[in-house]
Amino acid sequence: MRKDNKGRTMIRSSVVLIYDKPNEKFLLLKRTATDNWMPGKWGFPGGKVEKDESYLEGGIRETFEETGLQVKHLLHQHTLFTSNLIVNYYITSSFSGDVIVDKTEHDEYEWYSLSEIKELGDETTPNLFSIVEKLLKGF
């Protein structure tokens, strides 16, 4: 973990939007009901970046751990800064393998269109729909 200029520990994270371009759908994972952050909510693969990893490497690793998918050609689309968090968002339509959900972190997965994500409303992690809209613009 890094420290900011005031000595506070910064958590580094990466999030990967997996876009099935031909079907115009995104892969969402439903967090377990016992998860510490946003239990039972739908979100994208991602998580903390390890000490010796780049954000890109962390995103690729987290995606594989959570979904079983190999992803490549990730396009960095956005970085979010908060008081203790740095999140890098990536998007890709280049993936292979079969989705195998890590049941310790997620209960299920589903492919959703943009309009279906909007309909999920508060069943998603914060600002999910607006994040997708923003990231799609540059993709």
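# Briefing: burial, packing and loops in a predicted chain

Asp52 is exposed, its relative accessible area being 72% (exposed is over 50%, buried under 20% and partly exposed in between, with a 1.4 Å probe and protein chains only). The model is predicted: local features need pLDDT of at least 70, side-chain atom pairs count only at pLDDT 80 or more, and totals for chains, interfaces and linings use all residues. Residues are numbered from 1 along each chain as its sequence is written, and side-chain values use heavy atoms, with hydrogens and water left out. The protein chain has 3 helices and 10 strands (DSSP runs numbered from the N terminus, helices being H or I with at least four residues and strands E with at least two).

**Overall form**

- Starting at the N terminus, the order of elements is β-β-β-β-β-α-β-β-β-β-β-α-α.
- The radius of gyration of the protein chain is 14 Å, which agrees with the value near 14 Å for a compact globule with 139 residues (taken over C-alpha atoms, the globule rule being 2.2 Å times the number of residues to the power 0.38).
- Along the principal axes, the C-alpha atoms fill a box of roughly 45 × 35 × 25 Å.
- Of the 139 residues in the protein chain, 42% are buried.
- Counting contacts between residues at least 6 apart in sequence, 65% join residues at least 24 apart (a contact means heavy atoms within 4.5 Å).

**Surface and charge**

**Helix α3 and its packing**

- Helix α3 spans residues 128-137, and Leu128, Ile131, Val132 and Leu135 in it are buried.
- Viewed down the axis of α3, these buried residues fall within an arc of 100°, so they line one face of the helix (the arc is that of the directions from the helix axis to the C-beta atoms).
- The elements that the buried residues of α3 pack against are the strands β2 (9-20), β3 (25-31), β4 (42-43), β7 (75-81) and β8 (85-92), and the helix α2 (114-120).
- Val132, a residue of α3, has 0% relative accessibility and counts as buried.
- Setting aside residues up to four places away in sequence, Val132 touches Leu17, Phe26, Phe44, Leu114 and Ile117.
- Val132 and Ile91 are 41 residues apart along the chain, with 9.3 Å between their C-alpha atoms.

**Leu28 in strand β3**

- Leu28 belongs to strand β3 and is buried at 0% relative accessibility.
- Beyond residues up to four places away in sequence, Leu28 touches a set of residues including Trp42, Phe44, Tyr109, Tyr112, Ile117, Leu120 and Leu128.
- Tyr112 is 84 residues away from Leu28 along the chain, yet their C-alpha atoms are separated by 7.0 Å.

**Loop residues**

- Asp52 sits in the loop between β5 (46-48) and α1 (55-67); Glu123 is 71 residues from Asp52 in sequence and 34 Å from Asp52 in space, C-alpha to C-alpha.
- Gly68, in the loop between α1 and β6, is partly exposed with a relative accessible area of 22%.
- Gly68 and Gly97 are 29 residues apart in sequence and 6.8 Å apart in space, C-alpha to C-alpha.
- Apart from neighbours within four places in sequence, Gly68 is in contact with Thr63, Ser96, Asp98 and Ile100.

- Most residues other than glycine have a negative phi.
- Glu24, in the loop between β2 and β3, has a positive phi near 55° without being a glycine.
- The relative accessible area of Glu24 is 53%, which makes Glu24 exposed.
- His73, in the loop between β6 (70-72) and β7, is not a glycine either and has a positive phi of about 55°.
- His73 counts as exposed at 62% relative accessibility.
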